[in-house]
Amino acid sequence: MAETQDWQIPHCSEPKAFWRQWSPVEVGAEHPPAGSTCPAQAVEQLLLQSPWMLFRQSPQKPGVSRVEPCVCQGVPRRAGGGFSLHISGGSPSSVPLKLHRPDLSAAASLQVVNFAPFTLLPSAVPSALFEQAYAVQQDFNMLVDAISQNKEFLEHTLASTIKVDDFTARLFRIHTQVLEEGLAQSVFLGINRSDYMFDSGVDGTPALKQIEINTIAASFGGLTSRTVAVHGQVLKVLGKPQEASRLLPNNPSRGLALGIAKAWELYGSPSAVVMFLVEEVQRNIFDQRCVENELWNRNIPVIRRRFRDVFEKGSLDEARRLYMDGKEVAVVYYREGYVPSNYSEQNWEARLLLERSRAVKCPDIATQLAGTKKVQQELSRPGTLERLLPGHAEAVTRIRATFAGLYSLDMGAEGDKVAAMAIADPDRFVLKPQREGGGNNLYGEELRQVLEKIRDSPQRTSYILMDKIKPRPALNYLLRAHSPLQVSECVSELGIFGVYVRQGSELVLNEAAGHLLRTKAVEHADGGVAAGVAVLDTPFLV
């Protein structure tokens with residue numbers, strides 16, 4: 001058993017100031033409630049008492065918290081040598097929490113984990129906007145499904161992009177090849193997450209505005225299922241049990257598993273497995289395990305494989321059933337495959353094999369294309385939603401109400417005008433490439449420099465332009481391993497998970513599956529939890 005050393009967190013010297021920094025709980029209170037503690041003490045009690053929230057360190061930089069997050073309840077055990085908990089000492093301004101296998105070599109840095117970054121306090125979220133985000137999610141599910149079935153729309157919308165963006169072009173070529181051969185897949189599963197911020201507007205009234213919709217590998221559904229318990233514990237430690245009881249239950253991992261389970265059932269082979277298609281380096285494994293465990297609890301077997309494994313061992317029979325290591329695969333759940341770095345030539349061949357198969361892909365390649373930024377921009381054009389969702393006028397109205405300003409940079413007079421507008425006033429806009437995973441967008445002076453360089457080049461069509469959303473900042477503590485405990489001015493981003501299943505032309509499941517709130521300091525324009533910028537949060541509805 002590894003040694004366990006004491007750790008320290010500096011005490012809060014100004015509790016009065018602290019209590020003025022969280023509006024949902026006694027704004028302007030002169031003192032903390034009797035018997036409560038200051039924030040530093042709350043962190044100490046939190047890490048000792050509440051469900052562990054853990055994530056792996058980067059293998060490139062052991063000890064540095066630019067990593068994918070993950071969560072596990074308690075201390076996981078494995079056959080052949082359990083994990084042990086190691087709380088290391090060091091600087092009094094940090095809380096390094098690590099979990100490792102003591103019977104493995106110290107060089108195996110992938111076995112080292114830290115607690116996932118999170119806010120000390122839940123953040124205020126306008127209840128009307130929260131409810132609006134949930135109310136429109138089924139509409140977005142229906143829209144994404146409609147786009148994925150509309151080859152002409154995808155071909156027209158992505159025509160300029162695939163000329164200059166090799167990654168999108170490769171995806172589209174596979175899409176075309178599969179359609180020409182004829183779809184073997186008859187059951188379709190979509191798991192997406194629609195992300196929003198609360199734009200303060202000219203008059204300061206908050207409005208829900210969509211940042212993007214993620215249609216592949218929408219993560220943190222497992223991890224965020226644990227944050228309510230963490231923040232509930234914090235509020236109780238701070239003497240706020242009534243406020244703790246107001247935190248809404250949230251378990252996206254169960255909702256995501258429900259969709260996968262439905263697709264597995266409709267596939268119709270009880271002995272078939274669900275395959276998680278995962279990265280070579282699985283830094284986000286504990287987030288994925290939450291969904292996986294929900295499937296095992298339903299007696300649905302799960303295997304985990306990489307593109308490399310599919311290339312080496314995957315095969316199709318005459319009916320295009322997919323087999324891995326002799327097991328028939330009913331559902332392929334992608335947790336990678338959304339950025340160019342995921343693909344070697346062998347990996348592209350593996351992706352084609354998967355797409356040609358009868359297995360339910362989550363997502364199939366058409367649904368991945370439906371989540372591109374260029375599609376997002378095209379949806380904002382007058383009449384587009386009406387053509388994609390005929391007979392659904394109310395859904396169209398709900399969807400359109402969430403759109404920020406979106407502008408095409410296609411070659412021609414319209415694109416020239418948009419480029420000039422952005423160069424003249426770059427702080428008004430965000431320049432977005434056709435990439436997922438966070439940390440790719442351009443702002444301010446960097447936006448201006450890039451656009452000036454490509455304004456007369458077809459390369460500009462690989463981007464879209466969007467109005468910059470300007471939420472009202474709030475104060476909170478962002479807790480990260482190896483970082484000082486200090487107040488930060490923050491903004492939050494709300495994501496709603498959606499799940500749908502279609503069999504043939506019939507939508508048999510269409511649900512909102514839970515939410516994710518991420519918060520970051522205002523000085524960071526872009527980047528999520530995985531990029532080491534945002535932290536996990538819980539909405540406190542006001």
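Predicted model: local features only at pLDDT ≥ 70, side-chain atom pairs only at ≥ 80, totals over all residues.
User: Which residues in H6 and H12 meet?

Analyst: On the H6 side, they include Phe-167, Arg-170, Leu-171 and Ile-174. Among those they meet in H12 are Glu-345, Trp-348, Arg-351 and Leu-352.

User: And how many of the contact residues are nonpolar, polar or charged?

Analyst: Six are nonpolar, one is polar and six are charged.

User: OK, switching to H9 and H10. At what angle do their axes cross?

Analyst: Roughly 55°, with the axes of H9 (residues 252-267) and H10 (residues 285-297) coming within 8 Å. That angle makes H9 oblique to H10.

User: What makes the contact there?

Analyst: Ser-253, Arg-254, Leu-256, Ala-257, Ile-260 and Ala-261 come from H9, while H10 supplies Cys-290, Val-291, Glu-294 and Leu-295. By class, the H9 contact with H10 has seven nonpolar, one polar and two charged residues.

User: Now the sheet. What order are the four strands in?

Analyst: E15-E18-E16-E17, an open sheet with antiparallel pairing. Strands E15 (406-408) and E17 (442-443) are at the edges, each pairing on one side only.

User: Which helix packs on that sheet?

Analyst: H17 (residues 413-424), which touches E15, E16 and E18 (463-467). The direction of H17 makes about 125° with that of E15.

User: And what's the bridge partner of Leu-431 in E17?

Analyst: Leu-442. Strands E16 (residues 429-433) and E17 pair over two bridges.

How values were computed:
Residues numbered from 1 in each chain as written. Heavy atoms only, no water. Pairing = 2+ DSSP bridges. Contact = heavy atoms within 4.5 Å. Axes fitted to C-alpha atoms, helices over the stretch in contact; angles between N-to-C directions. Nonpolar A, V, L, I, M, F, W, Y, C, P; charged D, E, K, R; others polar. Parallel < 35°, antiparallel > 145°, perpendicular 65-115°, else oblique.
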